[in-house]
Amino acid sequence: MKKFPEQFWWGSATSGPQAEGRFNKPHANVFDHWYDIEPEKFYNQVGPNTASNFYNSYKEDIQLMKEAGLNSLRISIQWTRLIDDFETASLNEDGVQFYHNVIDTLLEAGIEPFVGLHHFDLPVELYHQYGGWESKKVVDLFVKFTQQCFALYGDKVRYWFVFNEPMVVVDGQYLYQFHYPNIRNGKKAVQVAYNIVLATAKTIEAFRSGGWDRDGQQIGTILNLTPSYPASDRAEDLKASRIADLWKNQLFLDPAVLGEFPSELVELLTADGVLWESTEEEKILIKQNTIDLLGVNFYHPSRAKEPSIIPSSASDWMPNQYFDDYEMPRRRMNVDKGWEIYPQALYDISLNIRDNYGNIPWFVSENGMGVSQEERFMNAEGQIDDFYRIDFIKEHLEWLHKGIEAGSDCRGYHLWTAIDNWSWTNAYRNRYGLVSNDIRTQVKTLKKSGYWFKQVSENNGFS
Ligand code: BGP
């Protein structure tokens, strides 16, 4: 039996925009808006309007999560649901009550709420008015929203997370065009990355100066880490992999944990003429407001080879002018996503955090397997026999366990996700849940993995 540390968090991650549905929301976020104007971008034209109906069925859903053995759950508070007026951060009463109800129901079920404050769900008005994360004005409006969250729920919530996967905001909105406003502008991408780091530090500052850590509450952030491996040991590939790591991982990890950006990256951006605009005062703020707890979303590694893009001018600047993605031959893939399955990377992440980031407490905040047409695996009893998901989780847990044995301070494993939910432009194509969701009827049923996860959670390990 592989045992995990005591009080290990066996849980799952969800997000407001992917689970709740748009019911009673006073504002649209960037995805709501994108679906309104270009539904054809979304798989099967399924949008976020109903999602998994969590707004209406949170009580029953939380019951199912309990049946799947979760002792913790990450939700996210939607800025577009909680706030009526973004300038003053005035509250929307229905939103306020909804998140009270969800948090109370989780606590009653013995499930620790982990609360995220931004899960790709920027209010679209703030993009149209100010350019969203390009603007430091939006940074300050965001901090006001987070202060409302702390004031409302700070006595009940012990674990807060400022951003989910900031690199995906940068990649999706400003570089590789898979999130609204899907533009391509390297210089803006760099400023957005910086502004998100600044927003993280300012939120942490507000949390601590407001005394919301008075009973040991902690604040962290959630980063998608994709450790970079070179395609070969040729100098060109090694260099490409080093820069990929700096950009994809250290850009957010270093300021979050160490309080400063990696100097190698700053030098490179300066030499290329695309470094962000910042002040000395902000630098100090970032230095002083690092996280208590790190969430790591891990799906796949990154493999890099010598780049093929040669920019013709600084205005064409793109980070991938320094690295090309390299695809391993015969790699195993997370079905339909093209993501390489490489669980050993979790061990490498464990050691990296132990050795280079002061062994900060961390947990796997997302990991999971997306599978399309899962009804293929439905057995005679109407249950989805997702043996492949059990194998996938086990493999990852085995490598994580080795990392913990080596002394890395990992406190939990959250699967993406508890109940099949709506997923950005993929809509409901790839299913990740421990619980299936028939989106025509909203009937939700535990999969085989749900029963298995319960045993793992109860035994605090598996054999
Ligand atoms: C992460 C996000 C989640 C979730 C997951 C699965 O990047 O934090 O919100 O969506 O990936 O990816 P996808 O939904 O694109 O299949």
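Reply: Helices (H or I, at least four residues) and strands (E, at least two) are DSSP runs, numbered from the N terminus. Residues are numbered from 1 along each chain, in the order its sequence is written. This is a predicted model: local features need pLDDT of at least 70, side-chain atom pairs count only at pLDDT 80 or more, and totals for chains, interfaces and linings use all residues.

The confidence comes next. The mean pLDDT (the predictor's confidence in each residue, from 0 to 100) of the protein chain is 97. Of its residues, 100% reach 70 or more. The model scores ipTM 0.98 and pTM 0.98.

Now the loops. Gln442 lies in the loop between β19 (435–438) and β20 (443–446). Its phi is near 60°, a positive value in a residue other than glycine. Gln442 has 15 C-beta neighbours inside 10 Å, so it counts as partly exposed. The cut-offs are these: 20 or more other C-beta atoms within 10 Å of its own make a residue buried, 12 or fewer make it exposed, and anything in between is partly exposed, with C-beta atoms placed from the backbone.

Go to the loop between α8 (166–175) and α9 (186–209). Pro181 sits there. A cis peptide bond joins Tyr180 to Pro181, with omega at about 10°. Asn182 is found in that loop too. It is not a glycine, yet its phi is positive, about 35°. Asn182 counts as partly exposed because it has 17 C-beta neighbours inside 10 Å.

Another cis peptide bond joins Trp416 and Thr417. Here omega is about 5°. Thr417 is in the loop between β17 and β18 (430–431).

Is Asn29 buried or exposed? It has 26 C-beta neighbours inside 10 Å, so it counts as buried. Its place is the loop between α1 (16–19) and α2 (30–37). Residues are in contact if their C-beta atoms, placed from the backbone, lie within 7 Å. Neighbours within four places in sequence aside, Asn29 is in contact with Pro17, Gln78, Thr80, Asp121, Leu122, Pro123 and Val124. Pro17 is twelve residues from Asn29 in sequence, and their C-alpha atoms are 8.4 Å apart.

On to the helices. Helix α10 covers residues 235–258. A straight helix of 24 residues would span 34 Å at 1.5 Å a residue. The rule for expected span is 1.5 Å times one less than the number of residues. Between its end C-alpha atoms, α10 spans only 29 Å. α10 also bends by about 55° at Gln250. That bend is the angle between axes fitted to the seven residues ending there and the seven starting there. In α10, 17 of the 24 residues are buried, so the rest of the structure largely encloses this helix. Just after α10, Gly259 takes a positive phi of about 85°.

Leu268 belongs to helix α11 (residues 263–271). With 17 C-beta neighbours inside 10 Å, Leu268 counts as partly exposed. Leu268 is 25 residues from Ile243 in sequence, but 9.3 Å from it in space, C-alpha to C-alpha.

Helix α13 (residues 344–356) has 13 residues. They should span 18 Å at 1.5 Å a residue, and the end C-alpha atoms are 18 Å apart, which agrees. Its buried residues are Ala345, Leu346, Tyr347, Ile349, Ser350 and Ile353. These pack against β10 (293–297), β15 (362–366), α14 (387–405) and β17 (410–416). Just after α13, Gly358 has a positive phi of about 60°.

Which residues of α14 are buried? They are Arg389, Phe392, Ile393, His396, Leu397, Leu400, His401, Gly403 and Ile404. What covers them includes β1 (2–3), α13, β15, β17, α15 (448–459) and β21 (461–462). Just after α14, Gly407 takes a positive phi of about 105°.

Definitions and conventions:
Contact = placed C-beta atoms within 7 Å.
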